[in-house]
Amino acid sequence: MADNVILNIYDLVSDQQNQSSTDEPRQQLSGFSRMFVGLLEPLGLGMYHTSVDVGGFRYQFGSTLGITRTSSPIGGGDSAESRRYVPGNGQYRESIILGQTFCNQKEVNSIIQHLRESHFGGDNYHLAHRNCNHFSETFATALILGNELVEGGDTNVRLEKFPKWVNRLAKTTSSGMSRDSEMACDVIEEARMALECDKKVGWGITSAVKKSLTSVNRSKKKELTAKQKEALAKLKSRSTK
């Protein structure tokens, strides 16, 4: 059964604009990041925090803590529990369904573990080159476009529903960085690594889903055969009259 993959977006506002009074522990922005937010707001530029919901859990990436997980509200949205690792100056904006995944929880855990061990440990965080939005796009890409990434035929594959404006500022800042830099995030390549594409020749959706689809296809064939038999029977009855 397919699960929705949901992107949750929070505006990062200056301390003067932040009206939150919750005492919940939060992931905090660095002093430089907070100063950066204050400088950008008068220019009409925004900074955003994002997280990804799948299978009843919310995943997000931040400095020091790295990838964290909490329970998530049904259909995305905001709750006290899901805000546990949202930066203190984050204000909920919206949730967007990016697509669907056939990955089961074991496969989701495997993707997260590979991302954590390879490129998204807490020490890897960088405001411009490897932030929460890079993680959200990479993780969602692995979940939704797994088959395309494993097949590797389309070099222009991209998660179309992921909003470009969410990470536009970071991408503009890092546009001059070499693609070979260990700091710069390569969404497609890192999603492929998280899926272990080099080890999954002929890999696709889970076997349970394959069986389900096969069963549906078989039932369709049986239904067509029954209709054909009924049509033939009518033709025969007419010919004998």
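Y48 counts as buried because its relative accessibility is 14%, where buried means under 20% relative accessible area, exposed over 50% and partly exposed in between (1.4 Å probe, protein chains only). This is a predicted model, in which local features need pLDDT of at least 70 and side-chain atom pairs count only at pLDDT 80 or more, while totals for chains, interfaces and linings use all residues. Residues are numbered from 1 along each chain as its sequence is written, and side-chain values use heavy atoms, with hydrogens and water left out.

Y48 lies in strand β2; helices (H or I, at least four residues) and strands (E, at least two) are DSSP runs, numbered from the N terminus. Beyond its neighbours within four places in sequence, Y48 has contacts (heavy atoms within 4.5 Å) that include I9, Y10, R93 and W165. The C-alpha atoms of Y48 and N167 are 7.4 Å apart, although 119 residues separate the two in sequence.

R130 is placed in the loop between α2 and α3. The side chain of R130 reaches the backbone oxygen of A184 at 3.1 Å.

| Residue | Relative accessibility | Class |
|---|---|---|
| Y48 | 14% | buried |
| R130 | 2% | buried |

Note on methods
A polar contact is a pair of N or O atoms within 3.5 Å; within protein, one must be able to donate a hydrogen and the other to accept it, and residues adjacent in sequence count only if both atoms are side-chain atoms.
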